[in-house]
Amino acid sequence: MKHVGPISGIATHGGTLIATSGYDNQVILWDAEQKTALGRVFHDHLANQCAFSPSGDLLVSASSDYSARLWTVPEMKLVAVLNGHKDDVEMAVFSPDGTLIATCSRDRIIGIFDTSGRLLRLLEGHEADVISVAWTNDGTELLSSSDDGTIRRWSVADGTQIDLIDQDGVETDTIVITADGTIYSGDDGGRISIFQEDGATLVDAHNAGIKRLIYSAELGLLASLSYDRSLCIWTIADDGALAQPQSTTFPNIIWPRSGAFLNSQEMVFGTFGSTYALYDMQSETWSTKDVQPDKSINAVVHCDDGRTAWIGDAGECHFSGGDSVQVDSLCNFLLPARDMILSAGQTGEIFDVRSGGKIHAHRSPINCATLVQQSGDSYAILGAYTGEGVVLRLSEDGRSAMHVKDIPLHSNAVKGIASDNKHIFSVSADGGAAWHRIADFEVDCLLQTGHSMIANGCTNVSEGVFASVSRDLKLRLWTGVGECEVIDTPHHNSIKCIASSHDGRFIATGGYFGAVAIYDVENRAWTTQTRPSSAGISSICAVPQADAFLCSSYDGEIHEIHAT
């Protein structure tokens, strides 16, 4: 038993048990001493996080199938399905006495369930996705953090909102609360905020967003995981202040999304591989020797020479015909650029995957890229997690590229980028849509609410026309700067990716549930609806035939889908 997709969630109990949840829909229970799998179960969609009950006899897992599920330990028998959400459940945690479970979801709602699976209460008030939830020490209140830039305190007894902490719109993915009521939050600006009765303190902790805070009351330690690829382990002083941390850089195989304290010496972390990794806090060393890279594919592209190329978490670019190049970094996209194929991903390093050579290192992960022409020169614009467009100038012979500058595109992660002859079009994790002039790289139009939820991708359909997809399950056809037509889609789960056929006739969309739907722009109708994989569709690209697309999936497969 092993994971074949990224491990997004991890939990420990008593130093003897570890649970992992992954993008392969699996939840696996491990013997910590032997590092062997004791059992596994499945969700219908991505398994995002997991948590043990205080006694360790139950495990709860949160999933993008809109449910949380309760399992016995160690048998891993299903006790209950916790239903009530209408979007991905990001986290589920037990109350301190183990009798209740709190869930939070991208439907902006917090749920409270008992261990029979009965929904007791829904807490509503957040104005964006709720990403993190934590119980107070006495179990009478809940804390939640959200993409709306607030932290809210709730009464468990009646579900009323007791307090609201405004973080000035900065998205906050993670919170913890100590026994004395001190709140620590980690935000997308890389800061840790400390909230106490006498006020708030800000700590500049990281150079990119903090994805997880991990607290150990027994050790008096707080760990912060960031997309700047660093782990900081802070000692908490008696007054709640954070002392100068022990800091280390994550190995490339680590996904800085989840971690847990295993014992007084070791921590465990999710990976882009088959099992978890260990970090020894005393010797400050990593153990990843048992982690085999997973087979997930993150991007597929049809190259100018007629070959297909694909790349994924293992950082190995494969070409049809059997060739491969190792770049030793998880990569999120592939962009043919003259005699190069550019790629980048979790580490922020930019590669030419034809040669395996490194071009530039950015401070945060890079999600997407497009090519433009300016005054006779060719440029690649790469969209970064921290909102910049990383600008590379291609050499005249097309065999190399040089970093020129970074340009501001959005205040949040750039999730998709495309271009025509006049504009760079980009979409962002905060729902924004932007047009930047290619002539001077300056903004022409920025719509902060271009989408009602996270935008996940975009494509150029024809000159002056772009299309984008969002978690709101809509296709947006942008027919002019700032002008769009909103089209309902047949997707029932979040749409991950989008591509247009070379003639602009068809737009293909792929979702996290493994579904693909193709839209006929000319006839304004959906022509193809299929589910080629039970894993999520990670990317789509057009092939020379006007009606054909290649779709990659997180299970390591590539599927050819036709519009008609």
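Me: Which residues does threonine 275 touch, not counting residues up to four places away in sequence?
Reply: This is a predicted model, numbered from 1 along each chain as its sequence is written; local features need pLDDT of at least 70 and side-chain atom pairs 80 or more, while totals for chains, interfaces and linings use all residues. Side-chain values use heavy atoms, without hydrogens and water. Threonine 275 lies in the loop between E26 and E27, two strands (DSSP runs of E, at least two residues, numbered from the N terminus). With residues up to four places away set aside, its contacts (heavy atoms within 4.5 Å) are Ile7, Trp30, Lys35, Asp290 and Val291.

Me: Is threonine 275 buried or exposed?
Reply: Buried means under 20% relative accessible area, exposed over 50%, and partly exposed in between (1.4 Å probe, protein chains only). Threonine 275 has a relative accessible area of 5%, and therefore the residue is classed as buried.

Me: How many residues has the largest nonpolar core?
Reply: Such a core joins buried Ala, Val, Leu, Ile, Met, Phe, Trp, Tyr and Cys residues through side-chain atoms within 4.5 Å. Ala223, Leu231, Ile233, Phe261, Met267, Phe269 and Met281 have the most contacts inside the largest one. Strands E22 (221-226), E23 (230-235), E25, E26 (266-271) and E27 (277-280) each give two or more residues to this core. The largest core has 30 residues.

Me: Which residues are in contact with isoleucine 233, leaving aside neighbours within four places in sequence?
Reply: Isoleucine 233 is among the residues with the most contacts inside the largest core. Beyond its sequence neighbours, isoleucine 233 meets Leu221, Leu222, Ala223, Pro245, Gln246, Met267, Tyr279 and Met281.

Me: How far apart are the closest N and O atoms of aspartate 129 and arginine 106?
Reply: The two residues form a salt bridge, that is, a side-chain nitrogen of Lys or Arg within 4 Å of a carboxyl oxygen of Asp or Glu. Aspartate 129 counts as buried because its relative accessible area is 4%, and arginine 106 is likewise buried at 15%. Their closest N and O atoms are separated by 2.6 Å.

Me: How many residues apart are arginine 257 and glutamate 90?
Reply: Their side chains form a salt bridge at 3.6 Å, N to O, and both residues are buried. Arginine 257 lies in strand E25 and glutamate 90 in strand E9, a pair that links distant parts of the chain, the separation being 167 residues.

Me: Which residues are linked in a network of salt bridges?
Reply: The total comes to 28 salt bridges. The linked network consists of Glu90, Arg106, Asp129, Asp147 and Arg257.

Notes. Helices (H or I, at least four residues) and strands (E, at least two) are DSSP runs, numbered from the N terminus.
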